[in-house]
Amino acid sequence: MRIKAIVITLASALLLCGCADLNDYLVDKFRSSEPENSSDSNESHVSNERNFGYWDVGDGLLIADYHGIEEDVVIPETIHGKQVLGVNSYVFEHNVFIKHITLPDGAVLIDECAFSDCIELEEVTLPESMREIYMEAFADCKKLSKINIPSGIKFISYDAFSGCENIKAEYKGKIYDYDHIVELCDLVHGIT
């Protein structure tokens with residue numbers, strides 16, 4: 001049931017943001033991966049490999065859990081031959097070990113609060129495939145000072161970086177500090 005609640009939350013957020021194509025993709029993949037005899041157990045949807053729990057959504061995976069203590073975390077591009085599409089809500093929240101995180105080519109989303117309150121997080125490397133960064137994805141990451149924003153990004157929630165006073169976000173060759181991060185969100189959303 002927890003997995004279904006996550007899907008409904010994710011799908012709702014995507015739909016509200018006008019991201020119908022990605023929403024349809026994830027919902028279709030979830031439905032196709034549901035066991036024929038549904039039960040309250042989510043064991044058939046979540047597995048672990050290399051400290052990552054993931055949720056199989058058909059053609060790809062969403063990182064759903066993390067159990068490591070590494071400072072430098074590189075999320076793999078594939079797990080068991082399936083593309084990692086992004087990081088689900090609250091996966092790394094309150095992690096006290098991570099200093100650097102790298103998301104793989106092919107990842108398209110970072111869900112709400114995915115990295116919130118990671119008190120040691122300093123640097124984030126995003127792939128060019130990244131399209132959406134949701135509510136408070138990096139909120140209160142006080143040491144976050146470097147993140148690249150891919151040129152093809154379609155949505156950044158206005159509060160994605162709330163409380164990140166040291167942030168320097170690079171987007172299309174320009175650096176946006178904390179005082180100007182809303183300008184970056186406006187620019188991505190097409191508001192000038």
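These are questions and answers on how the labels in this predicted model follow from their cut-offs. Local features need pLDDT of at least 70, side-chain atom pairs count only at pLDDT 80 or more, and totals for chains, interfaces and linings use all residues. Residues are numbered from 1 along each chain as its sequence is written, and side-chain values use heavy atoms, with hydrogens and water left out.

Q: Why is cysteine 141 called buried?
A: Buried means under 20% relative accessible area, exposed means over 50%, and partly exposed is in between (1.4 Å probe, protein chains only). Cysteine 141 comes out at 0%, so buried it is. Cysteine 185 gets that label too, because its value is 1%.

Q: How many disulfides are there by the distance rule?
A: A disulfide here is a pair of cysteine sulfur atoms within 2.5 Å, and the count comes to zero. Take cysteine 141: the nearest cysteine sulfur belongs to cysteine 118 and sits 4.9 Å away, leaving cysteine 141 in no disulfide.

Q: Why is aspartate 186 called partly exposed?
A: Its relative accessibility is 22%, so it counts as partly exposed. Aspartate 186 lies in helix 3 (residues 181-189); helices are DSSP runs of H or I with at least four residues, strands are runs of E with at least two, and both are numbered from the N terminus.

Q: What makes lysine 143 and glutamate 120 a salt bridge?
A: The rule asks for a side-chain nitrogen of Lys or Arg within 4 Å of a carboxyl oxygen of Asp or Glu. For lysine 143 and glutamate 120, the closest N and O atoms are 2.8 Å apart, and the pair passes. Lysine 143 is in the loop between strand 10 (132-133) and strand 11 (146-149), while glutamate 120 is in the loop between strand 8 and strand 9 (123-125), 23 residues apart.

Q: What ties strand 9 to strand 11 through side chains?
A: Glutamate 123 and lysine 146 meet in a salt bridge at 3.9 Å, N to O. Glutamate 123 lies in strand 9 and lysine 146 in strand 11, so the pair ties together parts 23 residues apart in sequence. Glutamate 123 is partly exposed at 25%, and lysine 146 is partly exposed at 49%.

Q: Which residues are linked with Lys142 in a network of salt bridges?
A: Asp140 and Glu165 are linked with Lys142. The lysine 142 and glutamate 165 side chains meet at 3.7 Å, N to O. The structure holds five salt bridges.

Q: Why do strand 4 and strand 7 count as paired?
A: Two strands pair if DSSP finds at least two bridges between them. Strand 4 and strand 7 have three, in the parallel sense, including the one where aspartate 72 has histidine 100 as its partner.

Q: What makes strand 4 an edge strand?
A: The open six-stranded sheet has the order 4-7-9-11-13-14, with mixed pairing. Strand 4 (72-74) and strand 14 (174-177) are its edges, each pairing on one side only.

Q: What makes the nonpolar surface patch?
A: Patch residues have over 30% relative accessible area and no salt bridge; like charges are joined within 9 Å, and nonpolar side chains (Val, Leu, Ile, Met, Phe, Trp, Tyr) within 5 Å. Ile69, Val96, Phe97 and Ile119 make a patch of about 350 Å², with areas from the Shrake-Rupley method and a 1.4 Å probe, where for residues only the protein chains shown count as cover. Valine 96 has 43% relative accessible area and is partly exposed.
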